[in-house]
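Reader: Please show the sequence and the model. I will then ask about the fold, the sheet and the core.

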Amino acid sequence: TALALPSMRLEQRGFTNPGWASAGSLDAIRGLPQDMLIYTNNLEALEFFYERGGTIIPFSIDAVTRLPVASYERRLREMREGLHAGTAVLILFDRQADDIELPRALIEGTDLWFEQHDVRIYVGAGGAERLGNAPNPQ
């Protein structure tokens, strides 16, 4: 791992990519109400750069066991309800999010509230009403 760090810095991969902590995404994420639940595909980035906690997006298949996740439908329903009620947001980091098993039905009916570099924030109707206009990326 230590040998890979110089290469990662030069190639701007991982957390060395300047897009992770751009001013616009910092403002957008840190400006979210503290009582708003954040669903994300990258808890480490959320906590490291943005000093916010969250919960991982639900997956139908366990990445380790490759077995179906029994709580998937319930967690997906809860996530969707929170997005539409304005009590939650969905933050996706990096373009690898396009490659993961992301429930397309969840994103349908939501709006892309903020996008800059490799950070996208989705909200439902309640979230858009509660948050208003997204901050302007800098």
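Reader: In what order do the elements of the protein run from the N terminus on?

Author: This is a predicted model. Its secondary structure comes to six helices and five strands. From the N terminus, these elements follow the order α-α-β-α-β-α-β-α-β-β-α.

Reader: What is the order of the strands in the open sheet?

Author: The sheet is open, holds five strands and has mixed pairing. Its strand order is 2-1-3-5-4.

Reader: Which residue in strand 3 is the bridge partner of Thr40?

Author: Strand 1 covers residues 37-40 and runs parallel to strand 3, with four bridges joining the two. For Thr40, the bridge partner in strand 3 is Ile91.

Reader: At about what angle to strand 3 does helix 4 run?

Author: Helix 3 lies across strand 1, strand 2, strand 3 and strand 5, at about 95° to strand 3. Helix 4 (residues 72-85) also packs on the sheet, where it touches strand 1, strand 2, strand 3 and strand 5. The angle between the directions of helix 4 and strand 3 is about 110°.

Reader: Which element gives the most residues to the largest nonpolar core?

Author: The largest nonpolar core has 19 residues, and those with the most contacts inside it are Val89, Ile91 and Ile121. Two or more residues come from each of helix 2 (23-30), helix 3 (43-50), strand 3 (88-93), strand 4 (111-116) and strand 5 (119-123). With four residues, the element that gives the most is helix 3.

Reader: Which residues does Val89 touch, leaving out those up to four places away in sequence?

Author: Val89 is among the residues with the most contacts inside the largest core. Beyond four places in sequence, the residues it touches are Leu32, Met36, Leu37, Ile38, Tyr39, Leu83, Ile121, Tyr122, Val123 and Leu131.

Reader: What share of contacts between residues at least 6 apart in sequence join residues at least 24 apart?

Author: The protein has 138 residues, of which 38% are buried. Its accessible surface is about 7900 Å², with 53% belonging to carbon and sulfur atoms. Among contacts between residues at least 6 apart, the share joining residues at least 24 apart is 55%.

Technical notes:
Residues are numbered from 1 along each chain as its sequence is written. This is a predicted model: local features need pLDDT of at least 70, side-chain atom pairs count only at pLDDT 80 or more; totals for chains, interfaces and linings use all residues. Side-chain values use heavy atoms; hydrogens and water are left out. A nonpolar core is a set of buried Ala, Val, Leu, Ile, Met, Phe, Trp, Tyr and Cys residues joined through side-chain atoms within 4.5 Å. Buried means under 20% relative accessible area, exposed over 50%, partly exposed in between (1.4 Å probe, protein chains only). Contact means heavy atoms within 4.5 Å. Accessible areas come from the Shrake-Rupley method with a 1.4 Å probe; for residues, only the protein chains shown count as cover. Two strands pair if DSSP finds at least two bridges between them. Axes are lines fitted to C-alpha atoms, for helices over the stretch in contact, and angles run from 0 to 180 degrees between N-to-C directions.
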